[in-house]
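Could you walk me through this structure, stop by stop? I have it open in a viewer and would like to know what to select next.

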Amino acid sequence: MHSASPPPRRIAYVASEHLVKIASLLPSNRNRSTFVHALVTSLGLLRAPSQPSDASSHSTIAVLRPQPASARDLTSYHDRSYIAALLADPPGPDAAACEEFGLEDDCAPFRGMREYVLGVAGASLAAARELAEGRCDIAICWDGGSCALMRSRHHAHKSSASGFCYVNDCVLALLVLKRAPPLPSPSVTPGSAPRKARVMYLDVDVHYGDGVAAAFRGAGARGQVLTLSIHHAAPGFFPASEHSALPDPSSASFDPFALSLPLHSGAGCATFARAWRAVDRVLAIFSPDYVVLQCGVDGLAGDPLGAWNWALGGEGGLAWCVQLLLLGGGGYSPANTARAWALLTSVVRGAPLPLDTPIPAHGAFPAYAPSFTLDAPPGNIRDSNTDEYLAQVDSVFEHIAEILRTQMT
């Protein structure tokens, strides 16, 4: 007797022409959204499988066209006075208010800021609600910052902008999932007290996800929301935070639900393969109902930041690490960002594209020179993450796992 095949994985792909237009307004990432969706579309990743035997037939994908968020949606986390300043029309309150709310320097007001903020927050909220209400199994939101795969504005704080991030759409999405019903569990005995959903936020980005971690550290969501940030560590590197260091479980201020895993310069696939053990430990013990992956690609080789030397393929590569998780984050090379997120979209569909896949002819084709393939191979940067340091990471996260196991029982 043949066992029944599992039902197709239901994927929601959050996108619209209007969203692409407004997401491209952000001065630090102009037109990146256009690159991403154009490549995903030209590779046929949004089409239904042509044959029932296709690997992608194990999934169905539907484009979800989001509505803009409302001011009330934003104030479910952010301060009202900050949102009022952020949504002012025309953009930009007076100089004193700009300074108070961080609307200066890398977060200066810009034309279309109101439409941008409401649009990207609406995209992430649409993705989160689609998951929370059981209409999909994975939501991909490259223009927002939520659910399975995202590009999030993870530096924005409750009452101020920071690091090109004006609204923390990831926090808004996590709050939606935190209120969602937990998934059915065979370990729950009949008649036992109802439990709340557990949500894990995994931030893989050169920059520490300070805004999201701050929203939940020591909050009432303790034991319900766990954040883990994997990021670059170096003196003076943005954002400066005492919480971005490797945790000390013996410290009185240690919070096992707000975790940090810093990596040194040149981090490549071998380092990620080793560091991912920590992710697996935490994931197994916390056993989340929902996972939100903020999937930055500013650590790929060739990114202008040049901090890491990560690759798309191979053990420890981006696609290897993200087999079951997805979101969009940093990435300052539009072509490589599009390569990465197109590859991850194919991974989620259950039919990973080969790295030597030719880039199809489309409007942005010249930007993929000189290789004109999907791959973004590593360079020759020295990996400064020594065996001794990675052994320390292993030891710390073994201790953290023991603490989590105690607190989760």
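Here is a tour in several stops, each with something to select. Keep in mind throughout that this is a predicted model.

**Stop 1: a charged patch**

Start by selecting E99, E104, D105 and D106, which together form a negative surface patch. One member, E99, belongs to helix α5, residues 95-100. E99 counts as exposed because its relative accessibility is 57%, and the cut-off for that class is over 50%.

**Stop 2: helix α6 and what follows it**

Next, select residues 113-132, which make up helix α6. Is α6 mostly covered or mostly open? Mostly covered: 17 of the 20 residues in α6 are buried.

Now move past the end of the helix to G134. This glycine follows α6 and has a positive phi, near 75°.

**Stop 3: one arginine, two partners**

Select R135 together with E130 and E133. The side chain of R135 forms a salt bridge with that of E130, at 3.1 Å from N to O. R135 also meets E133 in a salt bridge, here at 2.4 Å from N to O. As background, side chains of opposite charge can pair when their charged atoms come close.

How covered are these residues? R135 counts as partly exposed because its relative accessibility is 42%. E130, at 14%, counts as buried. Across the whole structure, a search finds ten salt bridges.

**Stop 4: helix α7**

Select residues 169-178 to see helix α7. Nine of its ten residues are buried, so α7 is largely enclosed by the rest of the structure. To colour the buried ones, pick D169, C170, V171, L172, A173, L174, L175, V176 and L177.

**Stop 5: where α9 and α12 are linked**

For this stop, show D394 and R281. Their side chains meet in a salt bridge, with 4.0 Å from N to O. D394 sits in helix α12 (residues 387-408) and R281 in helix α9 (residues 269-286), so this pair ties together parts that are 113 residues apart in sequence. D394 counts as buried because its relative accessibility is 10%, whereas R281, at 23%, counts as partly exposed.

- A275 and A391 are 116 residues apart in sequence, while their C-alpha atoms are 9.4 Å apart in space. A275 is part of helix α9 and is buried, with a relative accessible area of 3%.
- S395 and A278 are 117 residues apart along the chain, with 9.5 Å between their C-alpha atoms. S395 belongs to helix α12 and is partly exposed, with a relative accessible area of 43%.

**Stop 6**

Select S287, found in the loop between α9 and β8 (290-295). What is the phi of S287? The angle is near 50°, a positive value in a residue other than glycine. S287 counts as partly exposed because its relative accessibility is 38%.

**Stop 7: the loop between α11 and α12**

Finish with A369, P370 and F372. The peptide bond from A369 to P370 is cis, with omega near 0°. P370 is in the loop between α11 (334-348) and α12.

F372 is in the loop between α11 and α12 as well. F372 is not a glycine, although its phi is positive, about 55°. With a relative accessible area of 27%, F372 is partly exposed.

**A last look**

Go back to the negative patch of E99, E104, D105 and D106. Then return to α7, where nine of the ten residues are buried. End on the salt bridge between D394 and R281, which joins α12 and α9.

Key: Residues numbered from 1 in each chain as written. Predicted model: local features only at pLDDT ≥ 70, side-chain atom pairs only at ≥ 80, totals over all residues. Heavy atoms only, no water. Patch = residues over 30% accessible without salt bridge, like charges linked within 9 Å, V, L, I, M, F, W, Y side chains within 5 Å. Areas by Shrake-Rupley, 256 points an atom, 1.4 Å probe, with all protein chains shown as cover. Lys, Arg positive; Asp, Glu negative; His and termini not counted. Charge placed at Lys NZ, Arg CZ, Asp CG, Glu CD. Helix = DSSP H or I, 4+ residues; strand = E, 2+ residues; numbered from the N terminus. Buried < 20%, exposed > 50% of the residue type's maximum accessible area, 1.4 Å probe, protein only. Expected span 1.5 Å × (residues − 1).
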